[in-house]
Amino acid sequence: MWIIELAFTDAPERLNARAAHRQHLAALHDSGVVRMAGPFADDSGGLIVLDVAGRDQVEEVMSADPYFTTEGVVVRRVERWQPFLA
């Protein structure tokens with residue numbers, strides 16, 4: 001599994017892209033690629049958990065999502081994650 005940690009700025013473009021971003025993640029959730037996703041409670045950023053084998057698949061997910069090229073969204077971290085409880 002992989003996590004993508006996002007940080008948000010006040011740029012209004014982010015809010016304009018949010019609906020398309022959420023639709024994209026919902027479709028990936030239906031196919032099992034996205035395990036969970038959502039904003040932090042203070043809306044300072046968000047977290048996406050992906051169930052993919054490698055960094056190449058993470059990059060594919062990110063390149064197909066309009067959020068990752070939108071002003072106001074900053075990728076803070078991409079890490080492989082090895083949960084022991086699910």
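Author: The largest pocket holds about 200 Å³ of space. Closest to its centre, among the 15 lining residues, are H21, R22, L25, G38 and P39. The model is predicted: local features need pLDDT of at least 70 and side-chain atom pairs pLDDT 80 or more, while totals for chains, interfaces and linings use all residues. Residues are numbered from 1 along each chain as its sequence is written, and side-chain values use heavy atoms, without hydrogens and water.

Reader: What makes a set of points a pocket, and a residue part of its lining?

Author: On a 1 Å grid over the protein atoms alone, a pocket is an open set of points where a 1.4 Å probe fits, with protein on both sides within 12 Å along at least five of seven lines; lining residues have an atom within 4 Å of a point. The largest share of this lining, 5 residues, comes from α1.

Reader: Why is D43 called partly exposed?

Author: The relative accessible area of D43 is 34%. Buried means under 20%, exposed over 50%, and partly exposed in between (1.4 Å probe, protein chains only); D43 is therefore partly exposed. D43 also has a positive phi of about 60 degrees, although it is not a glycine. Most residues other than glycine have a negative phi.

Reader: How do you know that the radius of gyration of the chain agrees with a compact globule?

Author: The rule, over C-alpha atoms, is 2.2 Å times the number of residues to the power 0.38. For 86 residues a compact globule would have a radius near 12 Å, and the chain has 12 Å, so the two agree.

Note on methods
Grid points are joined across faces, edges and corners, and a volume is the space filled by probe spheres set on the points. Helices (H or I, at least four residues) and strands (E, at least two) are DSSP runs, numbered from the N terminus.
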